[in-house]
Amino acid sequence: MSVDVRKMPRAVHEALEWTATEAVEHIRSGSITAERYASQLLDQYRATTQLCAITWIDENRVLESARAVDTARSQGQRLGPVAGLPLAIKDNLNTVGFPTTGGTDALRNFYPQQTARVVESLFQAGAILLGKANMDELGRNFTNSNAVYGFAKNPYDVTRVPGGGAGGTAIAVSARITPAGLASDTAGSARVPASFCGIAGLRPSTSGRIHGWTFGSWTASTLDDGLFPIAWAVSTPAPMGRSAADVALLDAVVAGRTPSPPISVRGVRLGVPRGFYWEDLDPEVARVSEAALLKLRQAGAVLVEVNLREWGQTALPTFLTLATMRGMRDVVDFLEHYRTNVTLGQVVASIRSRDIRAFTDRIIANPVPPDVAENAVKTRLKLAAEYEKLFRERNLAALVYPTVPVQPVPIRPEGDQPGDTIDLNGKQVNQFQTLLRNTHVSGVIGIPSVSLHAGMSSSGLPVGLTLSGLADDDRRLLGLAQGVEAVFGRAPAPTVRETPEGRLNVVGAARPAPPPSSPPRARPGAPPAVPQATSGAMDSLDRILTLLKQSAYLNLVGIFDVPDPERSGAFTARAPLNRYAIDFRIDGCGTGMGSVNLNGDVCGHACLNWTFPQAGAAQAGGNGRRFTVDDVFVLDDDSRSQFRGAGSGRVARSRFGDGGLGVEANGNIVEGTGVFAGVQGSYVLTGHIAGSRLHIHFTVRLMDPTGVYQTTSELLPRDGTQPADRLLTKLAVLGEADPDHPVQLTPTGATVHELLRAVHTEFDYKGDKLEATIGVGPIVARWRTDVLFNPADPNAPGTPDRPLAVKLENIRIDFLDQSMGSLEASMPHGLGFAMQFPGVSGPLFRMTGFGPIGPGTGLFRSARGALSMLGAIDLAPAAFSNYYLLHIVDPDGQFRC
């Protein structure tokens, strides 16, 4: 049975999240032993075996090697730069004591007598072999659907490929089995899986001067260096890691130099090759990639558009010739040199993957003519010269482009076949050539290229962006990669476990099953729904987290004419809606906090329909003037896609003491048309009246079991944009149960402790498709509060037409960065009622609340503001998850971006 990393002891969970650079520092400092760290990684390996990342492992040897590092440290010996670091090694790099199979059955019993040179250099620096990693058979595809050692599975969606041929190494790094590893790269074998699995992967230089990664110049022999090749003319070993710094660390060890320091992107000129590299992209890849360019521009990078269409089109046939011009001779040389006692005929006969068997037969039957091979070598040199000339003339530091034009493709249960095609923008294209389209050029001209995580698609799949530099400028490229990664942020961890039926599932990427009476709506390119279990572990907090994963949060802002709360009857108004992006950080808190308030493009309009039941003072009874809500949100030009919400609210004196009036309301989505047909949800409305205008902020939560609005788990980093409002900052946080402090039930409610995570929400509407993301960041604070459920009548059922009163008292938010201090607040006015969602079993209780922020400490000592909450509680196991929005007025300017 696999494990959910969120339920591990905190120290174990934290260790799995360490990057390679962090892990070696912890081992060197003694904060953890190498043996304990290796043991935790082995636990994670055993919990994720169905991903098929590792094909050969010796757990006892792993622990023995780790203990040797601990002994050396205890004796005061100097540790190497990667001492105690377990690595996954692709199964085409020789390792003594382990077989090197090249992913094929004929070499199952080949145990080399010499370790590959690049692997040995890392072992000499203290690294540990965790295991041999899965790969495509003979390394000649990009899916890692290996018919011999098992189909490798993408840890973010186990129905999709991880990429190949180094899919096993990429999975091991992404699924927290190990923080780094080694692979090889010919046409993108390291970079494609790096992109698909949300990690970093480098193809080092293979031209110019000989250095640590290169087996030699283009024409030099590589036979003694321990790589089972595709073609030595274009193949090279390649490092992979969870971060760009990890790749730089491995590069430094192998190449015998100091690690690359980070280089800021500010002022750096990056070429954007629109022609060829950016053409005909999957819509989600295009969206994430364009958003990444925007972040780079906002961080100060200078983007220079270049056209390499004809250049890139020339490179593909050149690559195919270079990769096949020696036929299978490089494989034969390897088999004979290392005395494998296996012939080429036996290797070919043992190939089980039909596409690779057909490709191999075609290479053998159709040798490349000498004149074609000679022309390819000349073209290679010409392309390299043109590439370098472009860099010099345009003063470029690197090119930037999507690593792969498409998202990870679905696994074919019957295996890959020759000529497989995939749908790309309405047309069938060759799968193999599409997956290598943007990566093969680096192999042709021998330049360094590093793939970095750029963001998540709306279906929760990683998207990679590549930086390509000049030959032998690897160190500078890796420094720049670290600067770019600081702008993009790293990918969220996939949470892998087994379902009660024994099937692997992934929280955050899987789609909950729709109710039986409501078949899922098809979306072009979307994978099939994966059923979610509704018993066992899913009867606890997991169900609420799964519920949140079904949600799309829309942040919208509108400005209306001021309603007259003194008049009875209806108030109606219509105004454009703008996207409202929130990304909040507080000085000193680090990644995940800051403040950027942006009014985006107009994305529709809202029609407010409020009814004030009777005339009277706006402050009647001290609770403000009540009204009912019947609002319509229209999100396309022809009014086809819209939804209507109904609820209640009030107009009351502003909590800020400025003499103005504030507006609060909450409602439920009662019907929708177009893309919103059948969608459930709710919204919180907050606003203030300034002069003759009413400023309204809507936070809309769409419940979508069918997965049309599936959200991502992406932490969007600070981009340097100045906030539009210098006083009002909004902090969005997501609450989850504090495992150290269980809920304490009381006669009328509960005492609740939560961990709060920073949240970024973003909404976009394109054509006939709604795109929404919720970015969940790190835990930044702890929350404690007393929740009272309808103290006047604790037995009231709470229904949509008869909501309970909900009151939150003694609210205290303590930020983990103690220099920031704490916030205190209360929610005297809240509503709650029981509700049901399709596909989710058990009683659910939804709450909304509003309240003022009181005195604070630290940075919050003079801050004022308001707090709104939208949450769900499962009454049976007393699990919960809440979404909070803090509106902070900060006259001291502590919360500036």
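This is a predicted model: local features need pLDDT of at least 70, side-chain atom pairs count only at pLDDT 80 or more; totals for chains, interfaces and linings use all residues.
**Helix 2 and helix 8**

Begin by selecting residues 20-29, which form helix 2, together with residues 244-255, which form helix 8. The axes of helix 2 and helix 8 come within 7 Å and cross at roughly 65 degrees. Since angles of 65 to 115 degrees count as roughly perpendicular, helix 2 is roughly perpendicular to helix 8. Display the side chains next: Ala-20, Thr-21 and Val-24 of helix 2 meet Ala-245, Asp-246 and Leu-249 of helix 8. The residues of this contact divide into 4 nonpolar, 1 polar and 1 charged.

**Helix 6**

Move to residues 167-174, helix 6, where 8 of the 8 residues are buried, so helix 6 is largely enclosed by the rest of the structure. Among the buried residues are Gly-167, Ile-171 and Val-173. To see what covers them, select elements including strand 1 (54-56), strand 2 (86-90), strand 3 (128-133), strand 6 (180-185), helix 7 (191-197) and strand 8 (236-241).

**Helix 15**

Finally, select residues 370-394, helix 15. At 1.5 Å a residue, its 25 residues should span 36 Å, and this agrees with the end C-alpha atoms, which are 36 Å apart. The buried residues of helix 15 include Arg-380, Leu-383, Tyr-387 and Phe-391. Show their surroundings: the buried residues of helix 15 pack against strand 10 (302-307), helix 11 (309-324), strand 11 (398-402), helix 17 (440-445) and strand 15 (462-468). The tour ends at Asn-395, which follows helix 15 and has a positive phi, near 55 degrees.

Terms used
Residues are numbered from 1 along each chain as its sequence is written. Side-chain values use heavy atoms; hydrogens and water are left out. Axes are lines fitted to C-alpha atoms, for helices over the stretch in contact, and angles run from 0 to 180 degrees between N-to-C directions. Helices (H or I, at least four residues) and strands (E, at least two) are DSSP runs, numbered from the N terminus. Angles under 35 degrees count as roughly parallel, over 145 as roughly antiparallel, 65 to 115 as roughly perpendicular and the rest as oblique. Contact means heavy atoms within 4.5 Å. Ala, Val, Leu, Ile, Met, Phe, Trp, Tyr, Cys and Pro count as nonpolar, Asp, Glu, Lys and Arg as charged, and the others, Gly among them, as polar. Buried means under 20% relative accessible area, exposed over 50%, partly exposed in between (1.4 Å probe, protein chains only). The expected span of a helix is 1.5 Å times one less than its number of residues.
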